[in-house]
Amino acid sequence: MLSNPEILIAIVPSLLIALTFHEYAHARVAYAFGDTTAKDMGRMTLNPVSHLDPIGTLMILIVGFGWARPVPINPGRFRDIRRGLLWVSLAGPLANLLLGFAATLIFSFLIGHGVTNSLLLLFMQTFIQLNIILAIFNLLPLPPLDGSKIVVSIASGSVANFYRRIEPYAGIILIALVLFGGLGKILWPLTEWTMNLFDRISFQIVRFLLF
């Protein structure tokens, strides 16, 4: 990827913004529910440097996908543990979906105004797709992803115990899903469906405002 400057320009800033907003949203909502852990550690910020993981950043540059350092939280400090865990876990993926929808709306306006700058349009399309992929990936109900915490926050104690038992094997399960193509079969249809939904809504909004 380093040899293709156009892809580099599209993917690197897109991922940095997506990951930064994802982690910031977790930290901000945790703070709203009474947990100051992330704020005390300087993680309640939109400065990407505070969220970068060295290996995750290197992977962004080499293969075009990476990760940030998870925001630390202490559910024991939430005023309401279940609600706090639910909304903190939802915050990251929702932030990415909001970014994806806002970018789709801007993209539709650009197209509606006849903008043809290929690099700008490539960046916008990449930004939309990466934010939606990141949101859906994190909503998978597999530890330690956000989806597993959402399930634990709304399910019975037996489900939480089940998640605790499989957590040590979560990495192996995830790698197996990637190697055998299972992850792609889940991610791509949901990503495509979400992008189409955002496209249809944005098109209607732009048509209403411009015509």
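Modeller: The largest cavity has a volume of about 40 Å³, where a cavity is a set of points, on a 1 Å grid over the protein atoms alone, at which a 1.4 Å probe fits but cannot get out, and a volume is the space filled by probe spheres set on points joined across faces, edges and corners. This is a predicted model, in which local features need pLDDT of at least 70 and side-chain atom pairs count only at pLDDT 80 or more, while totals for chains, interfaces and linings use all residues. Residues are numbered from 1 along each chain as its sequence is written, and side-chain values use heavy atoms, with hydrogens and water left out.

By this rule, one cavity of 30 Å³ or more is counted. The lining of the largest cavity, meaning residues with an atom within 4 Å of a point, consists of L16, L19, T20, P48, H51, L52, D53, W67 and A68. By class, six of these are nonpolar, two polar and one charged, with Ala, Val, Leu, Ile, Met, Phe, Trp, Tyr, Cys and Pro taken as nonpolar, Asp, Glu, Lys and Arg as charged, and the others, Gly among them, as polar.

As for open space, the largest pocket has a volume of about 560 Å³, a pocket being an open set with protein on both sides within 12 Å along at least five of seven lines. The largest pocket is lined by 24 residues, and E23, A68, P70, N138 and L145 lie nearest its centre. Its lining divides into 15 nonpolar, five polar and four charged residues.
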